[in-house]
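Welcome, and please open your viewer. We will go from one selection to the next and see what is there.

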Amino acid sequence: MRKEVPLIITFLAGTFFIADYFIPHSGFSKMAESVNGWTIIVIAFSYILGVANVARVNLDQIQKGSKDKFYKIILLVCLFFMSIAGIVWGIQGGSVFDWFFLNVYYPMQSTMFALLAFYIASAAFRAFRIRSIQAALLAITAVLVMIGRVPVGEAIWKDFSIFSEWIMNVPQLAGKRAILIGAALGAISTGLKVIAGLERTHLGQD
Amino acid sequence: MKVDDYLVRRGLRKFKRIRAWAFAAVIWLWQSLSVLAQESPLPQSGSTSDFRWFDTHRWNVFLALVIIFFLIIYFIEKAKQGKNLFVRRIAGLDAIEEAVGRATEMGKPILYVPGIDDMNNIQTVASMIILGNVARMVAQYDTPLIVPLRMPFVLPVAEEAVKQGYMAAGRPDAFQKDNIRFISDEQFAYAAGVNGIMLRERPAANLLLGSFFAESLVLAETGFSTGAIQVAGTANIHQLPFFVVACDYTLIGEELFAASAYLSKEPKLLGALKGSDYAKAIILLALIIGAILMSFNIDWFKNWFFVE
Amino acid sequence: MKRLLETINSLDRRYIFLFIGLAVSLPLFFPIGIKFTVTHPVQGFYNTIEKVPNGSKILMSCDYDPGSAPELYPMTISALEQMFKKDLKVVITCLWPAGPPLVEKALAHVTPQYHKQPGIDYVNLGFKEGREVVMVSMGASIPNTFPTDYQGKPVSQIPIMQGVTNFKDVAMIVNISAGYPGTKEWVQQVQSRYQIDLVAGCTAVSAPEFYPYYQTGQLKGLLGGMKGAAEYEKLVGFKGLGTRGMDAQSISHLTVFLFILIGNLAYFALRFWKGKASR
């Protein structure tokens, strides 16, 4: 039963939600709604699993005296402090949690996102070398779109943004749709294989 | 006899388990039917309840699904009969084995990042399938495999996939549970954590396979700076350009979903891959026909694909 | 000369980082004021909200976190400005856990000048885990999905939520999103099922993915990145964070272009040099 039960559950759940798309019967929709509610609860409980894993892995490393144990201590202290602060004093505006969120977490997240600007510049410098015809097309299109999508493009040539929009709306969109269709078919195929039990690796079974 | 007693006891336990599941199924069915029975079979005046058992506005989607399913099943049956199904070479997937070999030679670990999405995303499911295959490969060479995770829900699935991979390779003792780690469910905190792993552990190969968003370039560039060979793959189209410029090999869209069939070479999976390829050929034909007809302002064909 | 070309060809990326840092920061201190025009998707976003009758209720979903706030926060501010100018009632939800404090910040910024009251003119329902499941659940009942607001007050006691059961009770949906769950899920799960007007704001990198939806009319308007935010600010009639970032974005794009150009010139010059030497 250890192999069969997960497969049966996968099959029933998969066909149920496929059927929900085609069956507008309000009773059926109510069933789907209640299952959706269970899903929300299960996902929320999985965070306990995650926190337990973080605590276990990092405590192990601290106990073993790994060379980065100082950072692991900071990680655990921050994790438990923010959790306790949120639970005890609440998360509303003006609370301790809110202060740390706006003054520590917010700038740190923005900083990480801002790294992308630097990384894209170094990646572009490295990757856009015209070594072949395809590389030339890539580099030229990237430059045209890059300049056309900022005000300086309009300052250089007033129709630059229209030309850039054409590249985005026609050749780029065509390529994107082709990849999207292929990916969607791949997703349908993988979904069918998982529902039908042909693919079991993700369940830990061959 | 003791053996008979043991078998009888085991049989009884199995019977009790089956009985419990059957009982649960009956309860579930009874509750479902009760919900359905509460609805009147005849629509009441002014009622907004819908009592149809099939939405006729979606029959075109249903027909398309039936055709795709038929093609997949047909080619799976063909594969089962022993027919040789050709699949073109995918450089990115061949590179995975090369990356494992390189990591083994250098004595460094392999970093496998299965994307940042949850198990409800089919890309994560596909990534777990590939992870199982990669785990089987690395187990043979005793190469450490580090799997940082963003979603806690993926943690038990990843653990099981890696464990089974090691067991399939006959190396259950080599499985290290601590190498499969939940980092953080915050996108950039996760990216920072993975960057830290890359810079500290210096993996020889980074496999970035799954659903990625803005952190893709942060991961790929940091991986590049450590000199690791990088194979990336995602069906998130907006991240493909970043992987293409920063990684050595990129699996584009459906190549990620083809990986399980490609790596395992299992006939049933190859058959399913073939089926979806034929479905794509039908869609291609429909696009050409539709484009030609629309050029002459004939729109009935296009309208057939409209979903309300 | 050859050594210089080789140095440029394999330039340490820290020099690139330095120039990008200067290109982004200097225009913020010394604005140039480069002019720009409004594109169709942004005009569509503005017009769709303008067409909503004054006093109607709008559902706004802010699905982003601080990482993408530089691009999306200006859109949120501008959208709130336009909606409050038209006296629209705004019901705000978040599908990303870090979204609600950002929404509170935006509301604190905009509401004082329009004298809007919480619970009467707007409400922040906070975050709910569940992604698409939450969207589908809201289609059945928004109060059941969000039983309390962000401050913990029961939704049944909030005046603006009276008469709001599901998507049929709001005039349209404004979605500002950074990824998943976001615009694509709103289109797939909500717009396609309930045929409600939907406009979206997203990061610049995601915008190309949503052009198909705009072309087919599933999205009535689309703001893409900081430029989209700046164009929208122009339509709403004020110069906010989006407009201020345009000069920095322009100069940094030009800098990247120059690096690509210099890199290719060095690459071709070296190839020519090596070719000549081998002959």
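Domain bounds come from an automatic or database domain assignment. Keep that in mind for the first stop, and remember throughout that you are looking at a predicted model.

**Stop 1: the two domains of chain B**

Select residues 55–84 together with 267–308 of chain B: this is domain 1, and residues 91–264 form domain 2. Give each domain its own colour. The centres of the two domains, taken over C-alpha atoms, are 32 Å apart. How many residues of each domain are in contact with the other? Four residues of domain 1 of chain B meet four residues of domain 2 of chain B. On the domain 1 side, four are nonpolar, with no polar and no charged residues.

**Stop 2: confidence in chain B**

Now colour chain B by pLDDT. The mean is 84, and 84% of the residues of chain B reach 70 or more. Next, select residues 35–48 of chain B, where the pLDDT is below 50. Beyond near neighbours in sequence, this stretch has 11 contacts in the model. Take care here: where pLDDT is low, the predicted coordinates should not be read in detail.

**Stop 3**

Select B:Ile110, B:Ala158 and B:Leu207. Within the largest nonpolar core, which has 118 residues, these three touch the most other members. Which helix gives the most to this core? Helix H4 of chain B (residues 122–141) does, with 12 residues.

Zoom in on B:Ile110. Leaving aside neighbours within four places in sequence, its contacts include B:Ala99, B:Val100 and B:Ala103, as well as B:Val138 and B:Leu145. B:Pro203, B:Ala204, B:Ala205 and B:Leu207 are also among them. In soluble globular proteins, nonpolar side chains tend to be buried together.

Then move to C:Ile49, C:Val123, C:Leu125 and C:Tyr232, which are among the members of a second, separate core of 73 residues.

**Stop 4: chain C**

Stay with chain C and show it as a cartoon. You can look for 11 helices and six strands. Of the 279 residues in chain C, 51% are buried. Among contacts in chain C with a separation of 6 or more, 73% are between residues 24 or more positions apart.

Where chain C meets chain B, the contact takes nine residues from chain C and eight from chain B. The chain B side consists of five nonpolar, two polar and one charged residue.

**Stop 5: chain A**

Select chain A. How many helices and strands does it have? The C-alpha trace spans about 65 × 50 × 40 Å along the principal axes. Buried residues make up 25% of chain A. Among its contacts between residues at least 6 apart in sequence, 19% join residues at least 24 apart.

**Stop 6: where chain B meets chain A**

Finally, show chains A and B together. Their contact takes 63 residues from chain B and 54 from chain A. Highlight helix H10 of chain B (residues 267–295): with nine residues, helix H10 supplies the largest share of the chain B side. By class, that side has 39 nonpolar, eight polar and 16 charged residues.

Notes. Residues are numbered from 1 along each chain as its sequence is written. Chains are lettered from A and ligands numbered from 1 in the order in which they are written. This is a predicted model: local features need pLDDT of at least 70, side-chain atom pairs count only at pLDDT 80 or more; totals for chains, interfaces and linings use all residues. Two residues are in contact if their C-beta atoms, placed from the backbone, lie within 7 Å. Ala, Val, Leu, Ile, Met, Phe, Trp, Tyr, Cys and Pro count as nonpolar, Asp, Glu, Lys and Arg as charged, and the others, Gly among them, as polar. pLDDT is the predictor's confidence in each residue, from 0 to 100. Helices (H or I, at least four residues) and strands (E, at least two) are DSSP runs, numbered from the N terminus. A residue is buried if 20 or more other C-beta atoms lie within 10 Å of its own, exposed if 12 or fewer, and partly exposed in between; C-beta atoms are placed from the backbone. A nonpolar core is a set of buried Ala, Val, Leu, Ile, Met, Phe, Trp, Tyr and Cys residues joined through C-beta atoms within 7 Å.
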